[in-house]
Amino acid sequence: MKLKSAALIALALVAAVVVAVRTDAPALADDGRYSAEIRRTEYGIPHISARDHGGLGFGYGYAFAQDNLCVLASWVVTLRGERSRYFGPRAESDDPVRPVANLVSDVYYKSVADSGVVARLLARRAPLGPSDELRRLVDGYVAGYNRYLEQTGVANLPDPTCRGKAWVGPITATDMWNNLLDLSRMVGIAGMKEYVVGEAEAEGPERRPAAGSNAWALGRRATRDGHSMVLADPHFPWNGIRRFYQVQLTIPGVLDVSGGSLYGTPVVQIGHNATVAWAHTVSHAQRFNLYRLDLVDRTSYRVDGRAEPMGRQEVQVTLQDGTVVGHTLYTSRYGPVLAAGQTDKVAYALADVNAGNLRPADEWLAMARARDLTQLRATQSTYQSMPFVHTLATDVGGNAYFADTSMVPHVTDAQAERCGKPSPIPGLEEYVLDGSTSACLWGKDRDAVVPGIFGPGSQPRLTRADYVANSNNTFWMTNPSAPLTGYPRAFGKARTELEPRPRVSLDMIARRLSGADGLGAPGFTLETLQGSVQGKRNYTFELMRSDLAKLCRNSTLTTSDGKRMEVREACRTLREWNGRATLDGRGAILWREFFQRLGRPTRPGDPVYSPWRVPFDPERPLATPRGLKSDDPVVRLALADAVAAFQADGIPLTLTPGQAQHYSSVPIPGCTEGEGCFDRVRMRGKLGADGRYPEVDTGSTFMMAVELTPAGPRTRTILTYSLSANPSSPHHTDQTVLFSRGQWVTERFTEAEIAADPRLRTSTVHG
């Protein structure tokens with residue numbers, strides 16, 4: 001692969017590209033050594049305790065390496081820009097969210113490693129730089145990982161994925177800081193590597209669906225016993241570095257937190273302590289802007305009538321044969337200059353609000369220590385660092401809290417209107433600003449901890465005694481009884497159509513509060529909370545079901561290629577299906593194949609077709625859109641084509657999710673995002689001729705239902721893909737089997753609960 005040189009972008013952007021700082025010698029505990037206790041309960045779940053942060057990090061790094069060393073070892077190769085050296089330049093990288101060719105990945109990460117941002121961030125004092133506690137956690141984590149690797153040896157690793165591989169070796173604190181920063185950039189610059197490195201043209205970023213999530217925070221008025229609750233259901237990749245690891249981290253008298261922790265991070269992102277519980281959902285607020293540059297020539301541009309030179313960075317990548325290839329990248333005051341859209345007169349630069357954001361890990365660490373919502377909110381105001389997520393939380397006091405405290409570029413509605421320019425990349429029209437004038441630079445709120453972002457006073461927030469909920473919709477319908485409006489459009493738009501998944505989420509809550517869901521008396525208990533989220537309702541089917549009879553009046557329909565197709569059996573299958581994507585849902589896959597065809601353009605270049613009979617009405621956001629245009633030729637064509645596809649491959653129309661969906665040979669229930677499933681699944685590919693989809697690769701991950709009682713938390717969890725990515729581990733699919741069956745794990749949080757486990761295994765590790 002040959003990269004374009006003249007039009008390439010430089011990652012040496014101002015506060016937008018990360019650098020490596022060698023901190024290979026980990027800081028030690030007060031007595032010069034690390035010590036931690038690792039107790040493992042059912043399903044291998046580790047409960048790690050130590051007397052200080054360094055020891056806690058050591059125990060965590062050691063335990064994680066026991067289960068998932070190969071995943072992190074591969075990702076370290078990525079962060080160091082060395083994938084071409086070990087795996088070849090054309091192979092696909094191991095980024096589970098936005099994989100690219102290894103050479104593209106290496107150019108990006110080499111630029112990051114050479115730039116200087118991490119060095120500058122590590123030199124800053126908290127809260128702008130890492131706290132002493134976080135530094136000790138990171139150093140200890142690195143030492144624990146390396147200790148396990150040293151004791152075991154590369155040649156003896158239990159995971160065949162990386163056993164004996166030349167690319168496996170010790171890691172450094174630098175690797176971990178780079179990983180933390182890359183997590184912040186995941187939905188910004190790190191998700192646009194091709195544009196940064198010049199390997200993507202202006203055809204629009206064909207991204208895999210962004211990570212999603214569901215979360216509910218239930219206050220005292222929504223629960224039967226007045227105990228507040230949280231449901232966490234993050235939808236992240238099922239493979240690679242963005243998986244969750246379930247863990248409990250304890251420093252007696254200082255920290256005691258349990259929950260889900262993303263691979264390679266020493267803190268819990270979603271979880272609870274004794275009195276507070278929280279979850280996150282991905283916010284689709286803006287994270288970046290493109291600035292259109294008024295070029296003087298190929299290497300300079302004008303701002304306020306004055307010429308500014310572009311920065312220049314030379315990047316070198318080593319290939320498998322030892323050859324070193326060089327690439328030239330360019331940058332501006334806004335960020336890297338993109339190849340897409342360049343002419344002799346204009347170019348575009350990418351400004352990522354999370355480019356220099358290393359604060360989230362400290363915020364999560366402080367949230368884990370919060371004793372109530374007041375302290376949690378104070379933590380968020382101190383760090384203002386959430387890179388791309390909403391926060392939903394509650395405490396034993398019984399209030400439910402929602403906030404979008406994420407990093408959002410400070411672009412007012414008036415500024416966006418005044419500074420807006422056409423986009424060189426389809427789909428980013430609302431993101432482009434005029435870079436020829438400083439009047440279009442990001443502003444700053446007086447209460448913002450860093451320039452260029454909206455501060456706490458501008459952020460959407462809501463606290464109630466009943467509930468708050470989010471399924472990646474905007475802040476508007478956090479609670480339909482109290483719609484949120486009046487916030488900058490950069491956070492998202494109010495009075496806009498809800499997707500089916502957010503709608504079914506709010507409907508599930510409403511039915512539980514009224515008792516109309518068949519789960520008993522109104523109000524949530526821990527058990528009815530679990531039951532609500534296991535329903536596997538397909539909401540688009542529910543909304544369109546009444547019109548299916550009209551569609552099926554004609555027993556014979558015509559396919560796209562003009563063939564007459566008998567649809568009587570298909571109509572009977574859909575009529576008899578209960579609308580739930582359970583393992584035995586006979587009709588669930590047929591509906592999906594039909595429904596997905598409804599959203600396709602009828603001809604190349606046509607807009608996406610809307611099958612809804614009743615269009616969206618902002619005055620009735622929970623009741624519209626609805627119905628199916630059963631008499632429309634496009635709808636009839638979609639059903640005929642779906643039936644024809646089943647018939648051509650000899651697939652029964654009654655194919656079930658249990659037959660079609662799997663992960664490591666375990667059948668997986670559920671339906672997809674577009675269909676309106678709450679705990680969704682996704683498969684990267686079409687239904688095969690054998691009646692099976694490719695393996696599930698995204699969906700519900702670490703599910704947590706927690707009830708905060710005066711006597712302590714009661715929690716049920718399920719890690720859908722299980723604790724270990726090692727295919728030879730006994731904990732590779734043990735929780736996956738539970739998830740398949742609709743079962744949960746009873747969490748052991750207190751000392752008494754942990755000690756009572758008959759399968760308890762305890763070890764002490766030193767370093």
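Residues are numbered from 1 along each chain as its sequence is written, and side-chain values use heavy atoms, with hydrogens and water left out. In this predicted model, local features need pLDDT of at least 70 and side-chain atom pairs count only at pLDDT 80 or more, whereas totals for chains, interfaces and linings use all residues.

The chain contains 19 helices and 32 strands, taken as DSSP runs numbered from the N terminus (helices H or I, at least four residues; strands E, at least two). The C-alpha trace spans about 75 × 70 × 55 Å along its principal axes.

Of the 767 residues, 61% are buried (buried, under 20% relative accessible area; exposed, over 50%; partly exposed, in between; 1.4 Å probe, protein chains only). The accessible surface comes to about 27,700 Å², and carbon and sulfur atoms account for 49% of this area; areas were computed by the Shrake-Rupley method with a 1.4 Å probe, and for residues only the protein chains shown count as cover. Among contacts with a separation of 6 or more, 70% join residues 24 or more positions apart, a contact being heavy atoms within 4.5 Å. The chain carries 87 positive and 81 negative charges, whose mean positions are 2 Å apart. Here Lys and Arg count as positive and Asp and Glu as negative, without His and the chain ends, and each charge is placed at NZ of Lys, CZ of Arg, CG of Asp or CD of Glu.

In soluble globular proteins, nonpolar side chains tend to be buried together. A nonpolar core is defined as a set of buried Ala, Val, Leu, Ile, Met, Phe, Trp, Tyr and Cys residues joined through side-chain atoms within 4.5 Å. The largest such core has 206 residues, and Leu 69, Trp 216, Trp 278 and Phe 594 have the most contacts inside it. Helix 1 (residues 53-79) gives the most to this core, with 16 residues. A second, separate core of 16 residues includes Val 303, Met 310, Val 337 and Cys 440.

Leu 231 is located in strand 4 (residues 229-237) and is buried, at 0% relative accessibility. Beyond its neighbours within four places in sequence, Leu 231 contacts residues including Trp 216, Ala 279, Leu 529, Val 533 and Phe 678. Its C-alpha is 9.8 Å from that of Thr 717, 486 residues away in sequence. Gln 530, in helix 12 (residues 526-533), is also buried, with a relative accessible area of 12%. Apart from residues up to four places away in sequence, Gln 530 touches Ala 705, Arg 716 and Trp 744.

Ala 36 belongs to strand 1 (residues 35-40) and is buried at 3% relative accessibility. With residues up to four places away not counted, Ala 36 touches Ile 48 and, among others, Gly 55, Ser 763 and Val 765. Asp 413, in helix 10 (residues 413-419), is partly exposed, with a relative accessible area of 30%. Outside four places in sequence, Asp 413 touches Tyr 487, Pro 488 and Arg 489.
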